Amino acid sequence: MAVLEMKRISIYALKKNRKAILELLQRRGAVEIATPETAQEVFTRTDTAAARQTFEKNAKTLTDAVAVLDSIAPPEKGLPTMLLGREPITGEQYRQTVDSAGKTARLAGRILALGKRIDDGKAEAQRCSALLDSLTPWLGLDVSMRSIGTEKTSVFIGSFPEMLTEGQLKERLAAALPQVPAVEAEIISASTSQTCVFVVCHAKYGMPVESALRAMGFSYPASPPRLPPAERAKELETQREQALADAEAARQEIASLADRRREMLFAADYYTMRAEKYRVLGELWQSPHTFQLTGYIPAEDAPALEKELEENFAAFVEIETPGPDEEVPVKLKNHLLSAPVEGVVEGYSLPGRYEADPAPVMCLFYYVLFGLMLSDAAYGLLMVLGCGIILAKFKNIEESLKKNLRMFLFCGISTTFWGVLFGSYFGDAIPVIAQTFFHKEITIPALWFVPLNDPMRLLLFSFLLGIIHLFTGLGMQAYLLIRRRKFADALYDVVFWYFLVGGLILLLLSTEMFRSMMSLTFTLPGWVGTAAAVFAGIGAVGIVLTAGRESKNPGKRLLKGLYGLYNVSGYLSDILSYSRLLALGLATGVIATVFNKLGSMLGGGVGGAIFFAVVFLIGHGLNLAINVLGAYVHTNRLQYVEFFGKFYEGGGRKFNPFAAHTKYFKFTEEK
Amino acid sequence: MNDLSTLLESVSFNWDSLGIVFALLGAVLVALMGGIGSAIGVGMTGQAAAGVVTEDPGKFGKVLVLQLLPGTQGIYGLLIGFVTLTQIGILGGSAEISLAKGLLYLAGCLPMAIVGMISAKWQARASVSSIALVAKKPDQFGKAMIFPAMVETYAVLALLISILSITSIGGMNI
């Protein structure tokens, strides 16, 4: 329960068993490989980068091919893959995947090529359409657009950038060339921005006619086709259809491969695994006949692996305790209640070298604080039901998601608990419904008290919880220091603070003014106040004397000590920070009440009931979402800032074992 | 002389009728300013979040959480506004409040109104930076969430003072 003890493992074995040993390690996923940078001369490393790249490329080809496949034949929309998790496969299925991986990769290559053909076909069709469009104005022309005339005639085929009628054109030509007889002009098509014309004249007037036409804005078409426009259009149309047919054929071929999707994903995983194996292979130190592998292994997994390796592969396995200066990776292991909050710890930072896993201590606080902030029995039940159903129904979901769901399940239980204490079920939904639709007065009494009627009480309770939380944090600090046998530090950094903060709180409670301010009814006997003052004094003096103990210079030391004492203001703000428990708790209840009131505005009757149901569903859905988010964020904040601030630094490196990091399937262990 | 005082007497104005006006002004202000602050804040963070999602839709869940962080001030404003409305009897009950009480309600609403509006905007700035942080280092989400939550502390403290004031004014004898 806590940070798992790590051992250093060294495996020395014959090269002929290399493949089998690596595969075993990968399947067990218990060893993080950490080979030394240097080794004796006889050992060398093999460069496996090329092979690894090939595998990675294959994996990428396969996933790309699946993306192409999915865009053409989308897989059936089922439950999100997040819930379904990775598909377990048996050894037999795995061997099949391995055997056919090469073929599957080629298939993926084919799919990618087909995908490219679809794209090309579509682009070609697009190009043909564009050409057809540019040809449309010329369709009336029955000679080639490249004609320049015959022996005796000159022909000009081109366009003007304006709308012209035949009469206008002829008039202008006549005006420009009074000396030239018999210029025949024909309008092929005319639109507001372009007029296509066919002009013919006697060959000897070719030059002046052309220059006159140019002066009027005439231009030849860009890249005119060899064939007459109509024929060319027909040709383009055929080309376009062919391209589309080609794309369609490719599409159908891909669609017919839809049932190979799973196979391809498995093959992609297989190649990812092999790439990882080759990465490790490249790190191994090998001699002509042997190899050595070093790494870290959780102590609890070590004996089994050692036995397996020694028995099956005649390997020599050495398990050692890592040296004090080694940076050992961290793996957490916790029980049912504390395992779910590991993610929260990880979100901050994993425990550093001398630190303990805070999860077992913080999990209870986490659930209690979360529940107090959400504090509605119905919301809590919804969370319990939601998470519980998913957990019960989808056994195969990934471990990290499972932990999160469990965390919210426990938070939901705590929320229900606080909700019952404060008498909040969807806010005040039950009395409102009874009043509006059945004209009855039903109230569910709070088991403890209603926070809105007595916020001061909840505020004090929040502070009390906060003080317990903070003192537990300090206690953790003491535990860590004592574990490292730093008893003096534990006294200076923890016990003095207990004296000071605890004494000040008791002192405050023993004053009449504070008690009346907080409307507390109890009175403390006089000696408590005196004793508290004495303890606070001891604590204060102790802190002033010891907080600066690193400095040799007495003046500096005193100043540092005084500054250390100033940290007491930090405790004040830390405790005040727990007032968010009250604030967020009230927010849930009040907003729920607002929605209930809004829903009941139309009064009783069928219409009113429908309106109420709609407002209820939307309003409470929204309120639940926003307040779960708020409770989550602020519980994390209280843990990270107030609680962890007292003892926890983190900085550990996560244990990252050599394993089958697959995305689509997982092995079922055969024993 | 006597005439004047009778004249004054006859035109005298019942100042206490203004109590409810000030009380409602407080309730409205707190909902208004909290809402404005949060709207500005969530708008700013929403722009940043949308930018991240264009690059990597997989981060939607994380940036959504960060986007919503400055949204709580609006909720706190609503909370104080609503509690004030019930306390002063606008939502059922009698709405008879002395001028002094009305002004007290107004004063009680002010911490949440002002701190809510300003803190929402600054929390949004912290949130925008945190969104940028998550875009580059998604594994640092836990820490990214804490920076904006720090700003929220002051909104919570203001909420605390407002709610303590509002709920105790009713019992005062003024």
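Two residues are taken to be in contact if their C-beta atoms, placed from the backbone, lie within 7 Å. The model described here is predicted.

**Helix packing in chain B**

By that criterion, Lys62(B), Val65(B) and Leu66(B) of α3(B) meet Phe141(B), Ala144(B), Met145(B) and Pro148(B) of α6(B). Sorted by type, the residues of this contact are six nonpolar, no polar and one charged. Two packed helices are described by the angle between their axes and the distance between the axes. Here, helix α3 (residues 60–68) of chain B and helix α6 (residues 141–169) of chain B have axes that come within 10 Å and cross at roughly 15°. Because angles under 35 degrees count as roughly parallel, α3(B) is roughly parallel to α6(B). The crossing of α3(B) past α6(B) is right-handed.

**Contact between chains A and B**

Chain A gives 24 residues to the contact, and chain B gives 23 residues. On the side of chain A that touches chain B, two or more residues come from each of α10 (342–348), α15 (455–483), α20 (568–577), α21 (579–599) and α22 (605–647) of chain A. The residues on that side of chain A comprise 16 nonpolar, six polar and two charged.

**Domains of chain A**

Chain A is divided into domain 1, which covers 46–133 + 229–283, and domain 2, which covers 147–223. Between the C-alpha centres of domain 1 of chain A and domain 2 of chain A there is a distance of 55 Å.

**Positive phi in chain A**

Phe426(A) is not a glycine, yet has a positive phi of about 50°. Arg485(A), also a residue other than glycine, has a positive phi near 60°. The table gives the place of each residue.

| Residue | Phi | Loop in chain A |
|---|---|---|
| Phe426(A) | about 50° | between α13 (399–422) and α14 (429–438) |

Arg485(A) has 9 C-beta neighbours inside 10 Å. The limit for an exposed residue is 12 or fewer, and therefore Arg485(A) counts as exposed.

Technical notes
Residues numbered from 1 in each chain as written. Chains lettered and ligands numbered in written order. Predicted model: local features only at pLDDT ≥ 70, side-chain atom pairs only at ≥ 80, totals over all residues. Helix = DSSP H or I, 4+ residues; strand = E, 2+ residues; numbered from the N terminus. Nonpolar A, V, L, I, M, F, W, Y, C, P; charged D, E, K, R; others polar. Domains from an automatic or database assignment. Axes fitted to C-alpha atoms, helices over the stretch in contact; angles between N-to-C directions. Parallel < 35°, antiparallel > 145°, perpendicular 65-115°, else oblique. Left-handed = near helix turned anticlockwise from the far one by under 90°. Buried ≥ 20, exposed ≤ 12 C-beta atoms within 10 Å, placed from the backbone.
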